Amino acid sequence: EKEFREKEEELLKEERLTPWNVDTICQEGKSKTIINKAPPPPKELTDDERADKQQEFSKKYRDEIRKYGMMQRYDDSLSYLQERPHLVCEETANYLVIWCIDLEVEEKHDLMKHVSHQTIVMQFILELARSLKQDPRSCVRAFFSRIKIGEKQYMDAFNDELSSFRGRIKERAEARIEEAVKEYEEEERQ
């Protein structure tokens with residue numbers, strides 16, 4: 001025990017004689033270790049849940065999506081999406097597709113061509129996010145920098161997708177008009 005006391009006194013003396021600096025004065029107040037875990041994959045929604053989610057999203061952000069759909073310059077689209085990252089999602093792309101079909105049915109071809117371009121921009125951002133396995137909001141700048149650089153292969157793929165999308169829109173609009181005509185004719189018969 002005597003030996004223990006001597007060692008303790010020796011340590012206290014040594015502690016008093018050590019010069020003061022940040023390491024000797026400060027003591028750790030609290031220590032905490034946080035381990036980030038990947039979020040669980042989102043649960044698969046049923047068709048009804050997906051439709052409800054789409055409808056709710058469309059109602060809430062209709063005006064913002066329409067404003068995005070009317071933009072013409074890449075810089076404007078980039079800054080708009082960066083200010084409103086909640087718009088970078090499947091629901092926005094779905095709304096734009098439906099809007100394109102509606103415009104084609106109403107025979108507003110020029111406006112449909114413009115909105116279809118913005119639709120493909122959104123779909124390419126979402127596809128880039130899928131291929132990189134990242135959140136779509138983090139891929140907005142990457143997409144626009146690729147488009148501005150104008151890589152020939154990327155631009156060709158973009159323009160091919162745009163023209164085939166416009167073709168699909170026209171087909172769907174024609175099918176919708178035919179359905180409406182058939183419904184009208186059946187009502188007339190009754």
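Colleague: What share of the contacts in the protein with a separation of 6 or more comes from residues 24 or more positions apart?

Modeller: Such residues account for 65% of those contacts, a contact being heavy atoms within 4.5 Å. This is a predicted model, in which local features need pLDDT of at least 70 and side-chain atom pairs count only at pLDDT 80 or more, while totals for chains, interfaces and linings use all residues. Residues are numbered from 1 along each chain as its sequence is written, and side-chain values use heavy atoms, with hydrogens and water left out.

Colleague: How does the radius of gyration of the protein compare with that of a compact globule of 190 residues?

Modeller: Taken over C-alpha atoms, with the globule rule being 2.2 Å times the number of residues to the power 0.38, the globule would have a value near 16 Å, whereas the protein has 30 Å. The C-alpha atoms fill a box of roughly 115 × 45 × 25 Å along the principal axes.

Colleague: Why is the pair of Phe 124 and Tyr 154 called edge-to-face?

Modeller: Rings of Phe, Tyr and Trp (its six-membered ring) pair if their centres lie within 6.5 Å, with planes under 30 degrees apart counted as stacked, over 60 as edge-to-face and the rest as tilted. Here the centres are 5.7 Å apart and the planes stand at 85°, so the pair is edge-to-face. Phe 124 lies in helix H6 (residues 109-132) and Tyr 154 in helix H8 (residues 152-189), 30 residues apart; helices are DSSP runs (H or I, at least four residues) numbered from the N terminus.

Colleague: Are Phe 124 and Tyr 154 buried or exposed?

Modeller: Both Phe 124 and Tyr 154 are buried, meaning under 20% relative accessible area, where over 50% is exposed and partly exposed lies in between (1.4 Å probe, protein chains only).

Terms used
Helix = DSSP H or I, 4+ residues; strand = E, 2+ residues; numbered from the N terminus.
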